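Hello, and welcome to this structure. Below are some numbered notes to read alongside the sequence and the model; please keep both open as you go.

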Amino acid sequence: MEEFIQSKFNYWIYVLLMMLGLWGMIAKNNLIKKLIGMSIFQTAIILFYVSVAVKSEESTIPILPHHGHDYSFKYAEKHAKHADHDHDDHHGHEKDPHHKEEKHGAHGASGHGGVAHPKIPKPDNFANPLPHVLMLTAIVVGVAILGLALAISQKIYRHYGTLEEDELLKKVRAEDNG
Amino acid sequence: MIFSFDLLVLLFLIPSAIIALQLRNLVAASMVFGIYSFLMCLLWAEMGAVDVAFTEAAVGAGVSAVFMIATVYQTTRKSSD
Amino acid sequence: MKVLTGIVVTFVGLLLLYGVSDPEDFPAWGDPHSPANASPISQYFIQKTIRDSEVPNMVTAVLADYRGYDTMFETVVVFVAGIAIFGVIRSYEQEDVELQVSRRRPDVIPKRTVRLLIPIIQIFALYVLAHGHSSPGGGFQGGVIMGASFIMIALVWDLETALKRFSEKLAIACAGIGILIYAAFGLVPMFYGDEFLNYGILYKVLPATDSREMARYYAMLGVEVGVMFTVTSVMYLIYALLATRGRMKGGL
């Protein structure tokens with residue numbers, strides 16, 4: 001039971017947030033409150049997707065560490081060739097002692113040194129990058145839509161003088177009939 | 001993926017969403033919406049989605065709240081419910 | 001109305017809760033073998049990004065290279081939203097009653113502080129753009145930060161000062177130029193015989209690249225520059241239009 005709650009309580013809270021946003025979009029009278037409800041709904045959905053991409057506690061962010069040098073073939077080639085003199089910056093980051101140590105250590109060990117066999121990133125160690133990409137697009141599109149909705153509500157205010165939905169309905173019907 | 005931290009932030013998110021929807025003063029509602037946005041960003045950064053958290057921090061608090069306040073300034077500041 | 005909505009929302013919420021709590025079908029939170037996490041595409045992205053393009057940030061690589069079409073059309077959506085807001089709300093009526101309200105001298109503290117901060121913010125925006133390959137960041141984030149720096153000028157002084165530095169026509173032109181840069185990086189490979197948005201063949205064109213991987217690396221950077229142009233100008237334009245109700249005078 002404890003296990004079940006621990007594995008699912010997150011999703012219950014996301015559903016609660018989504019429903020709060022949905023209720024705000026439908027039940028509130030003011031147009032700006034409806035937009036706040038829409039944004040709450042959108043961010044709750046993005047939270048849902050991002051939490052699907054989480055792996056277990058040992059996994060880390062989807063960026064390869066040490067600027068990817070441990071995993072890259074080109075870096076390994078380049079540093080196997082220039083084994084004797086100090087290398088030029090590959091990406092401009094090798095100033096810290098950690099990298100120099102690694103390189104000299106590997107030199108000592110194998111003679112023509114460098115990282116000879118780059119590792120392959122293990123999928124279990126990194127968070128899933130695909131939902132992050134989709135949600136980046138979603139956030140940007142969400143802000144564009146928010147801007148457009150706010151512009152339209154300004155126009156409505158200029159024309160009808162109010163932002164409350166019931167008064168707006170009355171005025172629109174009066175305009176249609178009269 | 002720290003269990004107790006997630007629970008704590010999620011338990012802060014729900015009241016801030018409710019308050020953003022219930023406040024009558026629209027400027028205050030936009031500010032609480034900014035708070036909601038920042039809490040979301042914190043949650044995503046803890047879950048390992050750093051790019052998404054960066055974008056939400058820049059967009060949600062930097063730009064979205066400013067747009068709302070600019071609109072509220074040009075229209076009415078009070079809401080009836 | 002509120003009661004009815006409450007009932008409907010509760011019903012939908014209970015349905016979703018039932019769907020989410022299913023112990024067999026819906027994977028637990030943080031499960032590394034759930035269908036989303038164990039799918040072959042995600043594993044391909046994690047394992048092969050560094051080999052295909054030498055970019056350590058997997059999210060930027062997927063965004064700008066593997067799913068470059070999505071990003072291009074997302075930039076188009078942002079552009080269209082900016083133009084749509086322009087079309088909805090821009091008005092050219094001549095009322096100068098409210099002009100006097102906005103002519104105020106800014107206070108000392110915001111003026112002095114912001115004058116020091118804005119160059120730093122813009123350099124940080126360019127840093128975020130350029131380091132999108134190995135740390136969180138990229139075109140969107142850099143563009144929003146840069147746009148926010150222009151909005152700050154408009155907030156502390158008034159909008160005319162900001163418009164003198166970044167006029168409306170230049171903003172609309174920059175928004176279009178961003179998309180053209182992105183599409184150019186897509187079209188040039190077609191002249192060399194490869195497909196649209198397949199950056200590998202650009203090693204023949206770009207200076208100082210000798211391999212397909214580095215061509216992809218630099219083309220991703222170029223594409224993010226295009227995205228940054230569009231996002232900066234559109235954020236600034238939306239603010240300028242919303243804060244002044246379309247007249248580009250007065251405002252916050």
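1. Axes here are lines fitted to C-alpha atoms, for helices over the stretch in contact, and angles run from 0 to 180 degrees between N-to-C directions. The crossing of these two helices of chain A is left-handed, a term used if the near helix is turned anticlockwise from the far one by less than a right angle, with clockwise being right-handed.

2. Before going further, please note that this is a predicted model, in which local features need pLDDT of at least 70, side-chain atom pairs count only at pLDDT 80 or more, and totals for chains, interfaces and linings use all residues. Residues are numbered from 1 along each chain as its sequence is written, while chains are lettered from A and ligands numbered from 1 in the order in which they are written.

3. Which residues bring helix 1 and helix 2 of chain A together? On the helix 1 side they include Tyr14(A), Leu17(A) and Gly21(A), and on the helix 2 side they include Ile40(A), Phe41(A) and Ala44(A). Contact means that the C-beta atoms of two residues, placed from the backbone, lie within 7 Å. The residues of this contact between helix 1 and helix 2 of chain A divide into 14 nonpolar, five polar and two charged. For these classes, Ala, Val, Leu, Ile, Met, Phe, Trp, Tyr, Cys and Pro count as nonpolar, Asp, Glu, Lys and Arg as charged, and the others, Gly among them, as polar.

4. Stepping back to the whole of chain A, it has six helices and zero strands. Both are DSSP runs numbered from the N terminus: helices are H or I with at least four residues, and strands are E with at least two. Of the 178 residues in chain A, 40% are buried, that is, 20 or more other C-beta atoms lie within 10 Å of their own; 12 or fewer make a residue exposed, and anything in between partly exposed, with C-beta atoms placed from the backbone. Among contacts in chain A between residues at least 6 apart in sequence, 68% join residues at least 24 apart.

5. Do look at Asp124(A), in the loop between helix 4 (97–110) and helix 5 of chain A. Is Asp124(A) buried or partly exposed? Asp124(A) counts as partly exposed because it has 15 C-beta neighbours inside 10 Å. Leaving aside residues up to four places away in sequence, Asp124(A) touches Lys55(A), Ser59(A) and Pro32(C). Asp124(A) and Tyr157(A) lie 33 residues apart in sequence, and their C-alpha atoms are 53 Å apart in space.

6. Next comes the meeting of chains A and C, where 49 residues of chain A are in contact with 51 residues of chain C. Helix 5 (129–160) is one of the helices of chain A that supply at least two residues of this side, and helix 5 of chain A gives the most, with 16 residues. By class, the side of chain A that touches chain C has 32 nonpolar, twelve polar and five charged residues.

7. Within that meeting, helix 5 of chain A and helix 10 of chain C pack at an angle of about 20°, with their axes 10 Å apart. The two helices are therefore roughly parallel to each other, and helix 5 of chain A passes helix 10 of chain C in a left-handed crossing. Gly147(A), Leu150(A), Ala151(A) and Gln154(A) of helix 5 of chain A make the contact with Ile238(C), Leu241(C) and Leu242(C) of helix 10 of chain C.

8. Chain B has three helices and zero strands, and its C-alpha atoms fill a box of roughly 40 × 25 × 10 Å, taken along the principal axes. Buried residues make up 49% of the 81 residues in chain B.

9. Chain C also touches chain B, in a contact that takes 17 residues from chain C and 15 residues from chain B. Helix 7 of chain C provides the largest share of the chain C side, six residues.

10. Finally, the largest nonpolar core has 131 residues, and those with the most contacts inside it are Phe67(B) and Tyr239(C). Such a core is a set of buried Ala, Val, Leu, Ile, Met, Phe, Trp, Tyr and Cys residues joined through C-beta atoms within 7 Å. Helix 10 of chain C gives the largest share of this core, 19 residues. Not counting residues up to four places away in sequence, Tyr239(C) touches Val66(B), Phe67(B), Ala70(B), Ile151(C) and Ala154(C).

Methods: Angles under 35 degrees count as roughly parallel, over 145 as roughly antiparallel, 65 to 115 as roughly perpendicular and the rest as oblique.
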